Amino acid sequence: MTLRVLLFASYADALGAPAVSVDLPAGARVRDLLARVQAMAAGKRIPDKPMVAVNKRYATPDQLLAATDEVAIIPPVAGG
Amino acid sequence: MRTGIVERPIDPQRLLAEVAAPGNGASLLFVGTVRDVNAGSSVSGLDYSAYSGMAESELASIVAEAAERWNTRDIVVEHRVGALDIGDASVVIVVAHPHRDQAYQASRYIIEELKQRLPVWKQERYVDGRREWVTNHA
């Protein structure tokens, strides 16, 4: 399955795009997706264990992914 | 209860009026504003951006948690995004409650949770032309 991964703020700057596409086998989890993104050319600039949202809710590294999921890697937040 | 991620100036008085009720003995207003110096650099303004959709739902969740814990529905929160100048309000929280202690606690809960959970980012513009993404301190 191919998932589109949303990037924001410093992470979007680091990868030079507001989103990237990642190919994953069925049964992949959030941690597998992160490993793929971190293996990209500029992906090393994303930290080891960033916050991730699946379908606009914070997710754990264990969470299973489906082809229809909206995934986002969330940089350190700065609201307020 | 009402929450919003907005792209226009926030009017604190209007929000305060929204939570007014005869049974409330305390109405508390918190206004977060853009300050002119951060970590020793002179700031000329801030650009806030949000994960649209998630920022709204996360803010609504935080306010629902506070409403349940301190037993009041008289809470309104707006967070502004876009280009802000020094002194502009970036976040306004109003809480009204029959008693002041609960109002203070609920307001404090909302700002602290928001600073840890709300998917909003800010880039500071400095007087010398530099720009930098900044993060909240724990």
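Colleague: In what order do the elements of chain B run from the N terminus on?

Modeller: In this predicted model, the elements of chain B follow one another as β-α-β-β-β-α-β-β-β-α-β-β, starting from the N terminus.

Colleague: How compact is chain B for its length, judged by the globule rule?

Modeller: The radius of gyration of chain B is 15 Å, close to the 14 Å that the globule rule gives for 138 residues, so chain B is as compact as a globular protein of that length. The C-alpha trace of chain B spans about 50 × 25 × 25 Å along its principal axes. Of the 138 residues of chain B, 32% count as buried. Among contacts in chain B with a separation of 6 or more, 75% join residues 24 or more positions apart.

Colleague: How many residues of strand 5 of chain B are buried, and on which faces do they lie?

Modeller: In a regular strand, side chains alternate between the two faces of the sheet. For strand 5 of chain B (residues 75-80), 6 of the 6 residues are buried, so this strand is largely enclosed by the rest of the structure. Both of its faces are covered: B:I75, B:V77 and B:H79 are buried on one side, and B:V76, B:E78 and B:R80 on the other.

Colleague: Which strands pair with strand 5 of chain B, and in which sense, parallel or antiparallel?

Modeller: Strand 1 of chain B (residues 2-6) runs parallel to strand 5 of chain B and is joined to it by 5 bridges. In this pairing, B:V6 stands opposite B:R80. Strand 7 of chain B pairs with strand 5 of chain B in the antiparallel sense, over 5 bridges. There, B:E78 stands opposite B:V92.

Colleague: Turning to chain A, what is the order of the strands in its open sheet?

Modeller: The open sheet of chain A has 5 strands in the order 2-1-5-3-4, with mixed pairing. Its edge strands, strand 2 (19-23) and strand 4 (57-59) of chain A, each pair on one side only. From one strand to the next, the twist averages 35 degrees. Helix 2 of chain A (residues 30-38) packs on this sheet and touches strand 1 (2-7), strand 2, strand 3, strand 4 and strand 5 (71-74) of chain A. The direction of helix 2 of chain A makes about 115 degrees with that of strand 2 of chain A.

Colleague: Which residues have the most contacts inside the largest nonpolar core?

Modeller: In soluble globular proteins, nonpolar side chains tend to be buried together. Here the largest nonpolar core has 54 residues, and A:V5, A:L33 and B:V94 are those with the most contacts inside it. Beyond its neighbours within four places in sequence, A:L33 is in contact with A:L3, A:V5, A:V22, A:L24, A:A28, A:L65 and A:V71.

Colleague: How many residues of chain B are in contact with chain A, and which elements supply them?

Modeller: The size of an interface is often given as the accessible area lost when the parts come together. Counted by residues, 23 of chain B are in contact with 13 of chain A. Helix 2 (54-70), strand 7 (89-97), helix 3 (100-117), strand 8 (120-126) and strand 9 (131-134) of chain B each supply at least two residues of the side that touches chain A. Helix 3 of chain B gives the largest share, 5 residues. By class, this side of chain B has 11 nonpolar, 9 polar and 3 charged residues.

Note on methods:
Residues numbered from 1 in each chain as written. Chains lettered and ligands numbered in written order. Predicted model: local features only at pLDDT ≥ 70, side-chain atom pairs only at ≥ 80, totals over all residues. Pairing = 2+ DSSP bridges. Helix = DSSP H or I, 4+ residues; strand = E, 2+ residues; numbered from the N terminus. Axes fitted to C-alpha atoms, helices over the stretch in contact; angles between N-to-C directions. Contact = placed C-beta atoms within 7 Å. Nonpolar A, V, L, I, M, F, W, Y, C, P; charged D, E, K, R; others polar. Rg over C-alpha atoms; globule rule 2.2 N^0.38 Å. Buried ≥ 20, exposed ≤ 12 C-beta atoms within 10 Å, placed from the backbone. Core = buried A, V, L, I, M, F, W, Y, C linked by C-beta atoms within 7 Å.
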